[in-house]
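Reader: I would like a close look at one spot and what lies around it. Keep it brisk, please.
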Amino acid sequence: MSKVVVMDHPLIQHKIGIIRREETGSKDFRTLVSEIAMLMCYEATRDLKLTDVEINTPICKTTVKELKGKKLAVVPILRAGLGMVDGMLNMIPAAKVGHIGLYRDPETLEPVEYYCKLPADCANREVFVVDPMLATGGSSVAAIQMLKDKGVKNIRLMCIIAAPEGVKKMQEAHPDVDIYIGALDDHLNEHGYIVPGLGDAGDRIFGTK
């Protein structure tokens with residue numbers, strides 16, 4: 001079964017508290033989402049493998065650690081996931097970025113793909129799928145299935161706020177994908193919104209209503 005890591009870092013908790021507030025405007029919301037993604041990235045990459053490399057310092061030869069082998073990719077689920085990309089790239093600037101676009105069919109409520117553009121060598125990369133909210137889990141499950149269909153084997157999901165229903169659905173569908181969560185909330189309401197949550201992350205990032 002996949003690992004579920006709920007971040008307990010005080011800075012992450014503090015910043016999530018601010019983005020939950022109704023009065024936090026788009027500009028501050030965007031900045032904070034980016035900062036939270038950066039802090040979460042720091043925690044979620046803790047187990048990346050290292051290798052020894054010999055270098056010259058201004059003083060002498062020495063052996064230092066570098067990231068080993070697998071390169072990284074960040075794949076936001078459009079559109080709210082875009083708000084997390086810059087924070088991730090601040091931590092791992094060499095990562096490539098892919099994009100997956102999904103919308104929910106109003107009749108079936110199932111996610112439908114409308115866009116998918118991934119780095120050519122995505123199958124050889126460690127991929128971080130990012131989306132601020134894991135609510136029903138439908139979009140994340142579908143996006144990760146799209147990646148697997150394209151040969152990607154090493155996938156992690158990062159979301160700022162999750163509902164237990166979404167975590168359960170993700171674990172059932174993709175038991176091999178570790179999930180990194182900023183805060184695990186109480187439940188989903190009848191409209192599929194996370195409670196207490198923060199409303200619609202996409203609308204709050206981009207200032208749309």
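Is Lys153 buried or exposed?

Author: Lys153 is exposed, with a relative accessible area of 66%. Exposed means over 50%, buried means under 20%, and partly exposed lies in between (1.4 Å probe, protein chains only).

First, the ground rules. The model is predicted: local features need pLDDT of at least 70, side-chain atom pairs count only at pLDDT 80 or more, and totals for chains, interfaces and linings use all residues. Numbering runs from 1 along each chain as its sequence is written, and side-chain values use heavy atoms, with hydrogens and water left out.

Lys153 sits in the loop between H4 and E10. Helices (H or I, at least four residues) and strands (E, at least two) are DSSP runs, numbered from the N terminus. Val177 is 24 residues away from Lys153 along the chain, yet their C-alpha atoms are separated by 9.3 Å.

Now take His174, in the loop between helix H5 (164–173) and E11. His174 counts as buried because its relative accessibility is 1%. Beyond its neighbours within four places in sequence, His174 is in contact (heavy atoms within 4.5 Å) with Ser2, Val141, Ile144, Gln145 and Lys148.

The largest nonpolar core has 37 residues, and Ile19, Met88, Met158, Ile160 and Ile161 touch the most other members. Such a core is a set of buried Ala, Val, Leu, Ile, Met, Phe, Trp, Tyr and Cys residues joined through side-chain atoms within 4.5 Å. E10 (154–162) is one of the elements that each supply at least two residues of this core, and H1 (10–20), H3 (85–91) and E11 (178–184) are among the others. H2 gives the largest share, nine residues. Met88 is in contact with Ala37, Cys41, Val74, Phe128, Val130 and Met158, leaving aside neighbours within four places in sequence. Another core, of 26 residues, lies apart and includes Val127, Ala142, Leu147 and Met170.

A pocket here is an open set of points on a 1 Å grid over the protein atoms alone, where a 1.4 Å probe fits, with protein on both sides within 12 Å along at least five of seven lines; lining residues have an atom within 4 Å of a point. Of the 29 lining residues, Arg104, Asp131, Ala135, Ser139 and Asp200 are the closest to its centre. H4 (138–149), E6 (99–104) and E9 (133–134) are among the elements that each supply at least two lining residues.

The unreviewed UniProt entry annotates a "binding site" whose residues include Arg79, Arg104, Asp131, Pro132, Leu134, Thr136 and Asp200. From this set, the pocket lining takes in Leu134 and Thr136, among others. Leu134 is found in strand E9. Leu134 counts as buried, because its relative accessibility is 1%. Among the contacts of Leu134, leaving aside neighbours within four places in sequence, are Leu157, Cys159, Ile161 and Met170. Thr136 lies in the loop between E9 and H4. Thr136 counts as partly exposed, because its relative accessibility is 32%. Not counting residues up to four places away in sequence, Thr136 touches Arg104, Glu165, Gly166, Lys169 and Leu188.

Note on methods. UniProt positions renumbered as here; feature names shortened; annotations may be inferred.
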